[in-house]
Amino acid sequence: MLITLRSAIYFILLVLSTVFFGLIMAIFGWILPFIINSKIANAWGITNSFFLKTVCGLTYSVEGLENLPKNQACIIMSKHQSAWETITFRGIFPANQAWVLKRELMFVPVFGWALAVVQPIAMKRKAGREAMKQVGEQGLLRLSQNRNVIIFPEGTRVAPGERKRYGIGGGLLAEKANVPIIPVAHNAGVFWKRRG
């Protein structure tokens, strides 16, 4: 019962913070520079990580952040197990982020409008080769703008212990751009299951 109540309170705070930060970005983001929009998006991630800690008791620790290149963009590849990564990565990693995501997210009111101003690599997942070409072209552009590309190579959320075929787009992009890949390991799906 207490867990359900805490989860409900967190969900309300998540919605309210998304509307708050999302409206700021949707209204003013078109005139603000990319890095300011990205810092606002990071503030959203930090805020929600704080809510997760204080309301739900969900904490995390980070090891190896010093391995991120300082003067070169990179590709950050991670398992995607829950909503936790999409919230917390925004605050953990430097603001110069370009996320590979499904284009349908761009059509979500307020949230999608805010996504648009941080210039993600939005692709049609079912487009096959065309989607991979899009990731390659836009990924090269974002890397040349010194933005770290964040990609979930399995393409969708996968429960801990389960496996899905890895897409090759991130690896091909890293080879073409000659940038390092930074792998991220976590166990978020154990604590926050998909649709949980």
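How many of the 9 residues of helix α3 (residues 84-92) are buried? The legends below begin with that helix.

The structure is a predicted model in which local features need pLDDT of at least 70 and side-chain atom pairs count only at pLDDT 80 or more, whereas totals for chains, interfaces and linings use all residues. Residues are numbered from 1 along each chain as its sequence is written, and side-chain values use heavy atoms, with hydrogens and water left out.

**View 1. Helix α3 is largely enclosed by the rest of the structure.** Of its 9 residues, 7 are buried. Buried means under 20% relative accessible area, exposed means over 50%, and partly exposed lies in between, with a 1.4 Å probe and protein chains only. Helices (H or I, at least four residues) and strands (E, at least two) are DSSP runs, numbered from the N terminus. The buried residues of α3 are W84, E85, I87, T88, F89, R90 and I92.

**View 2. Helix α1 runs from residue 2 to residue 28.** The expected span of a helix is 1.5 Å times one less than its number of residues. For the 27 residues of α1 this gives 39 Å, and the end C-alpha atoms are 39 Å apart, so the two values agree. Y10, L14, S17, T18, F21, G22, M25 and A26 are the buried residues of α1. Their cover includes α2 (34-56), α3 and α4 (111-117); contact here means heavy atoms within 4.5 Å.

**View 3. Q97 is a buried residue of strand β2 (residues 97-102).** The relative accessible area of Q97 is 1%, so this residue counts as buried. A polar atom of the Q97 side chain lies 3.3 Å from the backbone oxygen of R90. The side chains of Q97 and W99 are joined by a polar contact of 2.6 Å. A polar contact is a pair of N or O atoms within 3.5 Å; within protein, one must be able to donate a hydrogen and the other to accept it, and residues adjacent in sequence count only if both atoms are side-chain atoms. Leaving aside residues up to four places away in sequence, Q97 touches F34, S38, N42, F89, R90, V118, N148 and I150.

**View 4. The structure holds 8 aromatic pairs.** One of them is the tilted pair of W44 and F111, with 6.4 Å centre to centre and 55 degrees between the planes. This pair links distant parts of the chain, since W44 is in helix α2 and F111 in helix α4, 67 residues apart. W44 has a relative accessibility of 12% and therefore counts as buried, whereas F111 is partly exposed at 29%. F89 and F93 form an edge-to-face pair, 5.3 Å centre to centre with 80 degrees between the planes. Both F89 and F93 are buried. One aromatic cluster is formed by Y60, W84, F89, F93, W99 and F152. Rings of Phe, Tyr and Trp (its six-membered ring) pair if their centres lie within 6.5 Å; planes under 30 degrees apart count as stacked, over 60 as edge-to-face and the rest as tilted.

**View 5. The charged end of R147 sits over the ring of F34.** The charged end is 3.5 Å from the ring centre. A charge sits over a ring if NZ of Lys or CZ of Arg is within 6 Å of the ring centre and within 35 degrees of the ring normal.

**View 6. R125 is found in the loop between β3 (121-123) and α5 (129-144).** R125 is partly exposed, with a relative accessible area of 40%. Not counting residues up to four places away in sequence, R125 touches K102, G155 and T156. R125 and A188 are 63 residues apart along the chain, and their C-alpha atoms are separated by 24 Å.

**View 7. V110 and N146 have a positive phi.** Most residues other than glycine have a negative phi. V110, which is not a glycine, has a phi of about 65 degrees. V110 is found in the loop between β2 and α4 and is buried, with a relative accessible area of 15%. N146, also not a glycine, has a phi of about 60 degrees. The place of N146 is in the loop between α5 and β4 (148-151), and N146 is partly exposed at 39%.

**View 8. The cysteines C56 and C74.** A search of the whole structure finds 0 disulfides, a disulfide being a pair of cysteine sulfur atoms within 2.5 Å. C56 is partly exposed, with a relative accessible area of 25%, whereas C74 is buried at 0%.
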